[in-house]
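Welcome! Please take a look at the sequence and the 3D view, and then read the notes that follow.

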Amino acid sequence: MLEKEVERYLREQVKKRLGGMALKFVSPGLSGVPDRVVLLPGGKITFVETKAPGKNLRKLQEYVCGMIAALGFEVRRIDTKPGVDAFILEMEARL
C-alpha cells in the first residue's frame, strides 16, 4: 500500500464519518510539516502525518511534529487503513 492511499482513505473517512475536513497542509518555508490538518466539528484540530506501512518519520518531520505538539496540538502518524479506522473511532468518541 502506498502513502497516498492511506492519505486518501483518511480524507474520505474524516469527511464521511466525522463530518470534518482533512486539508492538505503545505507550509512554504518550513519543510517537514504533517501531511494533513484534520478539522472536526466543535473546533477540534489534529495534525496527521501519513506514511506507507512501516515507514518512519524523517528526522526533520520528527522535529517539526515535536514543535507542533509542544504548542499543545495533537499530532498523529498513521500508516495503514486500520490505523485510519482506529483514529476515526477515537475521534467519534470525542465528538
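In these notes, contact means that heavy atoms lie within 4.5 Å. Please keep in mind that this is a predicted model. With that in hand, we can go through the sheet, a helix and some side chains.

**The sheet and a helix**
- Four strands make an open sheet in the order β1-β2-β3-β4, and their pairing is mixed.
- At the edges sit β1 (21-24) and β4 (74-78), each of which pairs on one side only.
- On average, neighbouring strands of this sheet are turned by 30° against each other, direction ignored.
- Strands β2 (residues 36-40) and β3 (residues 44-50) run antiparallel and are joined by five bridges; Leu39 stands opposite Ile45 in β3.
- Helix α3 (residues 81-94) lies across β2, β3 and β4, and runs at about 150° to β4.

**A buried threonine**
- Thr50 belongs to strand β3.
- Thr50 has a relative accessible area of 0%, so this residue is buried, a term for values under 20%.
- Leaving out residues up to four places away in sequence, Thr50 touches several residues, including Glu3, Asp35 and Ile78.

**Aromatic rings**
- The whole structure holds two aromatic pairs.
- One of them is the tilted pair of Phe25 and Phe47, with 5.7 Å from centre to centre and 50° between the planes.
- Phe47 and Phe73 form an edge-to-face pair, at 5.6 Å centre to centre and 80° between the planes.
- Phe25, Phe47 and Phe73 form one aromatic cluster.

**A charge over a ring**
- Lys81 lies over the face of Tyr9, 5.4 Å from the ring centre.

Note on methods:
Residues numbered from 1 in each chain as written. Predicted model: local features only at pLDDT ≥ 70, side-chain atom pairs only at ≥ 80, totals over all residues. Heavy atoms only, no water. Pairing = 2+ DSSP bridges. Helix = DSSP H or I, 4+ residues; strand = E, 2+ residues; numbered from the N terminus. Axes fitted to C-alpha atoms, helices over the stretch in contact; angles between N-to-C directions. Buried < 20%, exposed > 50% of the residue type's maximum accessible area, 1.4 Å probe, protein only. Phe/Tyr/Trp six-rings, centres within 6.5 Å; stacked < 30°, edge-to-face > 60°. Lys NZ or Arg CZ within 6 Å of the ring centre and 35° of its normal.
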